[in-house]
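Here are some notes to go with the model. Have it open while you read.

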Amino acid sequence: MEEKQVALQAIYSAFEQTAMSHKAGAACRKGCAYCCTDAGSIDITTLEGLAIRETIRTFTRPRQVELNKALARDMKRREKGQSSACPFLLKNKACMIYDIRPFSCRRIYSLESCHRDRPPIIHRHVMELGRKTIAGLQRLDHSGYSGHISYILHMLAAPKFLSTYLAGEFKPEEITVFGKTHRIVINQVIDKETPLPDK
């Protein structure tokens, strides 16, 4: 898994370098959190979830307890079809996992200030690059899954699922019911359906 985590960071870096010129005029600033509260599902791969999970384990016990409550609230709200702010968003609108934030957060930026009546405006080249990068992330996490951040972290909290995933085994039957009800994507299936990105 350590090699995959290094490869994950390389994918993030490659995206940032390629998208840099398009994002240079972004309106995003510290404290602007529209994409953390109103932009929809925060989808991650299990590999990204594993990195987030390891970071959570370094938090103080009180923060872990509060975060687990926030993740549970987020799950319940989303299961009911209700909007929900990211559980990792602090009261000052900073991200508690900014350095290891998932790609769905890294890819979103806006050329103009966002609010409810004005969603993010993203350059079309960056949108296409983001699509190809997601395909690369799913290919890297070939024995894993993709889905909303709270759902993936919930799956990784199950010892049986975690041990299967860490062993590099692929047993989708273990998550069949949860996967269907929570729209979990099987990366292996998506990988077969997605053409390789242009070099």
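Which residues in H3 meet which residues in H7? Keep in mind that this is a predicted model.

1. On the H3 side, the contact is made by Thr46, Gly49, Leu50, Ile52, Arg53 and Ile56. Their partners in H7 are Ile149, Ile152, Leu153 and Leu156. Sorted by class, this contact has 7 nonpolar, 2 polar and 1 charged residues.

2. Now for the geometry of that pair. The axes of H3 and H7 come within 9 Å and cross at roughly 75°. Angles from 65 to 115 degrees count as roughly perpendicular, so that is how H3 and H7 sit relative to each other.

3. Next, the core. The largest nonpolar core has 37 residues, and Ile52, Phe88, Met155 and Ile184 have the most contacts inside it. Two or more residues each come from H1 (2-23), H3 (46-56), H4 (61-79), H6 (124-140), H7 (149-156) and H8 (159-166). H7 gives the largest share, 6 residues. In soluble globular proteins, nonpolar side chains tend to be buried together.

4. Click on Met155 while you're there. Leaving out residues up to four places away in sequence, Met155 touches Tyr145, Phe161, Ile175, Phe178 and Ile184.

5. Two backbone spots deserve a look. Lys93, in the loop between H4 and H5 (103-106), has a positive phi of about 70° without being a glycine. Lys93 counts as partly exposed because its relative accessibility is 48%.

6. The other spot is Arg183, also not a glycine, with a positive phi of about 55°. You'll find Arg183 in the loop between H9 (176-181) and strand E3 (185-186). With a relative accessible area of 75%, Arg183 is exposed.

Definitions and conventions
Residues are numbered from 1 along each chain as its sequence is written. This is a predicted model: local features need pLDDT of at least 70, side-chain atom pairs count only at pLDDT 80 or more; totals for chains, interfaces and linings use all residues. Side-chain values use heavy atoms; hydrogens and water are left out. A nonpolar core is a set of buried Ala, Val, Leu, Ile, Met, Phe, Trp, Tyr and Cys residues joined through side-chain atoms within 4.5 Å. Buried means under 20% relative accessible area, exposed over 50%, partly exposed in between (1.4 Å probe, protein chains only). Helices (H or I, at least four residues) and strands (E, at least two) are DSSP runs, numbered from the N terminus. Contact means heavy atoms within 4.5 Å. Axes are lines fitted to C-alpha atoms, for helices over the stretch in contact, and angles run from 0 to 180 degrees between N-to-C directions. Angles under 35 degrees count as roughly parallel, over 145 as roughly antiparallel, 65 to 115 as roughly perpendicular and the rest as oblique. Ala, Val, Leu, Ile, Met, Phe, Trp, Tyr, Cys and Pro count as nonpolar, Asp, Glu, Lys and Arg as charged, and the others, Gly among them, as polar.
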